[in-house]
Amino acid sequence: MQLREQKNVTDPSLEMADELMAKHMPKQALNVYLKSMLKQSGNMKCHLGASKAYRELEEYNKAIKHLETAKKLAAFDYEVYFELGLNHLLSDDYERACKNFRKTIKLNPDFLYAQIQLAITHELMDEQIMAYSIYEKIIEEAPDYILAHHHKAGLLMSLGNFEDAAREFFEILKIDDTYAKAYLGLGICFDKLEKYTNAVRFYKKYIVANKDSEAVKSIASRMIDIVSATKERVNCPLRIAK
């Protein structure tokens with residue numbers, strides 16, 4: 001039997017559940033969504049909300065079950081397909097993830113984050129060329145969308161192309177010079193390129209911009225190693241060939 005969304009039925013508790021989700025309290029939110037569902041099983045928002053709570057709790061199969069119900073209630077709601085894509089991606093079902101992200105983009109071509117997730121899925125499928133082309137397309141349409149530049153740079157780094165990755169990080173800093181992850185990316189790129197003076201310079205910039213990062217300790221340790229190695233090379237006596 002085809003489910004139909006119950007329209008004109010509102011439950012104030014849904015707003016409370018959404019607030020709990022915003023406070024990162026998925027267990028409490030889930031209880032409210034499920035109770036609301038008992039009153040109005042045909043309300044798509046109940047199923048969509050419950051799916052988000054289950055996703056946060058890493059219960060992806062349960063999330064997908066509610067999203068399949070939500071899809072029957074609202075076949076043209078792009079958010080339902082996006083959530084399906086995320087849950088299939090988190091379940092390592094990349095084919096279904098791609099299918100749902102593409103449906104999301106078809107329904108809402110301006111949803112750039114869905115395009116990012118599609119590209120990430122292709123990366124995980126070892127389809128780097130496809131992923132790269134998606135990042136390029138996003139940047140062409142939205143040159144200031146930092147996330148696309150960041151993921152493109154990450155892909156280039158994974159391919160060992162640190163020079164082009166560094167250029168991408170510099171593009172990010174042209175858009176927003178407070179974007180700390182770009183400094184870290186540049187530090188790593190110059191480190192890999194054995195341009196240690198520049199590497200230390202950008203590692204320092206990252207630490208100053210992001211003092212509370214968990215990565216600071218390991219970055220500081222790497223900087224010490226670089227400086228120590230540099231001093232050893234400087235202090236090493238010249239060997240004259242006989």
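## Aromatic pairs

Eight aromatic pairs are present in the structure; rings of Phe, Tyr and Trp (its six-membered ring) pair if their centres lie within 6.5 Å, and planes under 30 degrees apart count as stacked, over 60 as edge-to-face and the rest as tilted. Tyr78 and Phe111 form an edge-to-face pair, because their ring centres are 5.5 Å apart and their planes stand at 75°. Tyr78 belongs to helix H5 and Phe111 to the loop between H6 and H7, so this pair ties together parts that are 33 residues apart in sequence. Helices here are DSSP runs (H or I, at least four residues), numbered from the N terminus. Tyr78 is partly exposed at 34% relative accessibility, whereas Phe111 is buried at 19%. Buried means under 20% relative accessible area, exposed over 50%, and partly exposed in between (1.4 Å probe, protein chains only).

Phe82 and Phe101 have ring centres 5.8 Å apart and planes at 50°, so their pair is tilted. Phe82 lies in helix H5 and Phe101 in helix H6, so the pair ties together parts that are 19 residues apart in sequence. Both of these phenylalanines, Phe82 and Phe101, are buried. Ring pairs join Tyr78, Phe82, Phe101, Phe111 and Tyr113 into a cluster.

## Basis of the model

The model is predicted: local features need pLDDT of at least 70, side-chain atom pairs count only at pLDDT 80 or more, and totals for chains, interfaces and linings use all residues. Residues are numbered from 1 along each chain as its sequence is written, and side-chain values use heavy atoms, with hydrogens and water left out.

## A charge over a ring

The charged end of Lys103 sits over the ring of Tyr81, 5.6 Å from the ring centre. The criterion is that NZ of Lys or CZ of Arg is within 6 Å of the ring centre and within 35 degrees of the ring normal.

## Helix H2

Helix H2 covers residues 26-39, has 14 residues and reaches 20 Å from its first C-alpha to its last, close to the 20 Å expected at 1.5 Å a residue. The expected span is 1.5 Å times one less than the number of residues. Pro26, Ala29, Leu30, Val32, Tyr33, Ser36 and Met37 are buried in H2. They lie on the same side of H2 because they cover an arc of only 165° around the axis, the arc being that of the directions from the helix axis to the C-beta atoms.

An α-helix has 3.6 residues a turn, so residues three or four places apart point the same way. The buried residues of H2 pack against helix H1 (12-22), helix H3 (44-56) and helix H4 (60-73), with contact meaning heavy atoms within 4.5 Å. Lys27, Lys35, Leu38 and Lys39 are exposed on the other side of H2.

## Loop residues

Two aspartates in loops have a positive phi. Asp92, in the loop between H5 and helix H6 (94-107), has phi near 65° and is exposed, with a relative accessible area of 54%. Asp126, in the loop between helix H7 (112-124) and helix H8 (128-141), has phi near 60° and is exposed at 61% relative accessibility. Most residues other than glycine have a negative phi.

Ala75 is in the loop between H4 and helix H5 (78-90) and is partly exposed, with a relative accessible area of 34%. Its C-alpha atom is separated by 39 Å from that of Leu159, a residue 84 residues apart from Ala75 along the chain.
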